[in-house]
Every structure is written in C-alpha cells, then in structure tokens.
Amino acid sequence: MKAVAKVPCINLLPYRQAARRKRIQLLLWQLAGGALMGLLLALAAGAWLQQQLDAQLRRQEDWQHRMQQVNVVLAAGKRVQGETAALLQRQQAIASLQEQRHAWVRMLAALARAMPAGVALHSVRQETAMVRLQGQAVSQDKVAALLLALEQAAPWSRPEVLEVRGAADGAVEWTIRLALAPAGQS
C-alpha cells in the first residue's frame with residue numbers, strides 16, 4: 001500500500017470565500033434590518049392604536065360629560081314639572097273653594113227665599129257636597145211647606161227629611177239634608 005501523502009489544500013480561488021463571507025454578512029444585515037424594520041412597524045402600529053384608543057376615550061368622556069349636562073337639564077325639567085303640577089293642584093283647589101263659596105251663596109239665597117213663617121233655622125253643617133239643616137217649626141205642616149219651597153226655589157238641592165220629632169213646647173224639631181248647588185247653577 002502506498003502511503004498517500006497529505007498535501008496541504010491551497011485555496012487557489014480566495015475571492016470565492018470572500019464573496020461567500022460578504023453574502024453571509026449581507027444576509028445577516030438584511031435579517032437585522034428586517035427585524036429592526038418589523039420592530040419599528042410594530043411600535044408604529046402600537047402607537048397608532050394607542051392614539052386611536054385615546055381619541056375614542058376622549059370622545060366617550062365628552063359624551064358622558066354631555067349626558068351629565070342633559071341629565072341635569074332633565075332633572076331641572078322634572079322639578080319644574082313637579083312645581084307646575086303642584087301649582088295646578090293649588091289652582092284647582094282654589095277654584096273648587098271659589099265654586100263652593102258661590103254654592104254656599106246660592107244655597108243661602110235659596111234658603112232665604114224658601115223659609116216660610118213659623119220655621120226657625122238653628123244649625124247649618126256641611127258634609128262633603130251635602131248640607132245638613134236643623135231647626136224648629138210650629139207644626140209639621142210648616143216643615144212640609146219648607147220642603148216644597150226648597151224644592152221650588154232650588155230644584156238642584158234635592159231636599160230630604162232626615163228626622164222630624166215633637167218638642168216639649170208643642171213645636172217640631174226637624175233635620176233636612178240638601179245638596180250644594182253644582183257649578184254653573186244660579
């Protein structure tokens with residue numbers, strides 16, 4: 001066997017190795033540049049998204065502020081509505097009292113026209129929309145005459161005898177219930 005002598009390898013084309021090293025270096029620079037470009041793009045996209053999110057949050061805060069202002073206006077409107085309703089109720093109560101005052105005037109005028117001689121009126125009491133009259137008469141005929149006169153003088157009053165009883169001195173005590181004059185009656 002022949003021994004093969006080791007011959008050192010001599011690179012006869014050194015430019016290939018330099019070109020290969022250059023290509024590898026260029027590839028590494030391109031990879032680093034791509035990574036850096038990707039990082040910059042990610043940071044730019046993150047900053048843009050953060051700016052969009054901040055703008056959206058500002059819009060939401062603005063809307064919430066405006067909604068609070070509208071709620072304040074609505075609360076003031078409801079308060080004014082409540083005050084208006086209270087004033088309307090007071091006005092209706094005053095109008096009702098005014099109507100009752102006129103009803104009492106009409107009732108007393110009818111009583112004055114209808115009261116026959118021999119009949120005395122002792123008490124007048126209001127029970128909601130009704131009036132209770134109590135008095136004394138010389139006889140039951142005078143009480144009947146009073147009822148007829150009341151029916152003629154104030155037909156809306158619907159006179160009703162509740163009680164008639166004899167007194168010790170021969171007179172008759174009576175109790176009559178009448179309706180107050182409705183609104184618009186005279």
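## Close-up views of the sheet, its helices and the core

**Figure 1. Strands E3 and E4 form an antiparallel pair joined by 6 bridges.** The view is taken from a predicted model. Within this pair, Val-161 is placed opposite Ile-176 of E4. A further bridge links Glu-163 to its partner in E4, Thr-175. The two strands form a hairpin with 5 residues between them, in which Gly-170 adopts a positive phi near 90 degrees.

**Figure 2. The open sheet contains 4 strands in the order E1-E2-E4-E3, with antiparallel pairing.** Neighbouring strands are turned against each other by 15 degrees on average, with direction ignored. In general, the strands of a sheet pair through backbone hydrogen bonds, in either a parallel or an antiparallel manner.

**Figure 3. Strand E2 (residues 130–137) pairs with E1 in the antiparallel sense over 8 bridges.** Glu-127 has Met-130 of E2 as its bridge partner. E2 also pairs with E4, again in the antiparallel sense and over 8 bridges. In this second pairing, Gln-136 stands opposite Glu-173 of E4.

**Figure 4. Ser-123 belongs to strand E1.** The relative accessibility of Ser-123 is 15%, which is under the 20% limit, and the residue therefore counts as buried. When residues up to four places away in sequence are not counted, Ser-123 touches Arg-132, Leu-133 and Gln-134.

**Figure 5. Ala-137 belongs to strand E2.** With a relative accessible area of 3%, Ala-137 is buried. Apart from neighbours within four places in sequence, the contacts of Ala-137 are Gly-118, Val-119, Lys-142, Val-143, Ala-171, Val-172 and Trp-174. Val-164 lies 27 residues from Ala-137 along the chain, and the C-alpha atoms of the two residues are separated by 9.8 Å.

**Figure 6. Helix H1 lies across E1, E2 and strand E4 (172–179).** H1 runs at about 160 degrees to E1. Helix H2 (residues 140–153) packs on the sheet as well, where it touches E1, E2, E3 and E4. The direction of H2 makes about 15 degrees with that of E4. Of the 8 residues of E4, 6 are buried, so this strand is largely enclosed by the rest of the structure.

**Figure 7. The largest nonpolar core has 19 residues.** The residues with the most contacts inside this core are Leu-133, Leu-146, Leu-150, Trp-174 and Leu-178. Two or more residues are given to the core by each of H1, E2, H2 and E4. H1 gives the most, with 5 residues. In soluble globular proteins, nonpolar side chains tend to be buried together.

**Figure 8. Leu-146 is among the residues with the most contacts inside the largest nonpolar core.** Not counting residues up to four places away in sequence, Leu-146 touches Ala-114, Met-115, Pro-116, Val-119, Trp-174 and Ile-176. Among these, Trp-174 is also listed with the most contacts inside the core. Val-119 and Trp-174 are in contact with Ala-137 as well.

**Figure 9. Arg-66 lies over the face of Trp-63.** The distance from Arg-66 to the ring centre of Trp-63 is 5.8 Å. As for pairs between aromatic rings, a search of the whole structure finds 0.

**Figure 10. Val-80 is part of helix H1 (residues 14–114).** Because its relative accessibility of 42% falls between the limits of 20% and 50%, Val-80 counts as partly exposed. Val-80 is 74 residues from Lys-6 in sequence, and the C-alpha to C-alpha distance between them is 112 Å.

How values were computed. Residues are numbered from 1 along each chain as its sequence is written. This is a predicted model: local features need pLDDT of at least 70, side-chain atom pairs count only at pLDDT 80 or more; totals for chains, interfaces and linings use all residues. Side-chain values use heavy atoms; hydrogens and water are left out. Buried means under 20% relative accessible area, exposed over 50%, partly exposed in between (1.4 Å probe, protein chains only). Rings of Phe, Tyr and Trp (its six-membered ring) pair if their centres lie within 6.5 Å; planes under 30 degrees apart count as stacked, over 60 as edge-to-face and the rest as tilted. A charge sits over a ring if NZ of Lys or CZ of Arg is within 6 Å of the ring centre and within 35 degrees of the ring normal. Two strands pair if DSSP finds at least two bridges between them. Axes are lines fitted to C-alpha atoms, for helices over the stretch in contact, and angles run from 0 to 180 degrees between N-to-C directions. Contact means heavy atoms within 4.5 Å. A nonpolar core is a set of buried Ala, Val, Leu, Ile, Met, Phe, Trp, Tyr and Cys residues joined through side-chain atoms within 4.5 Å.
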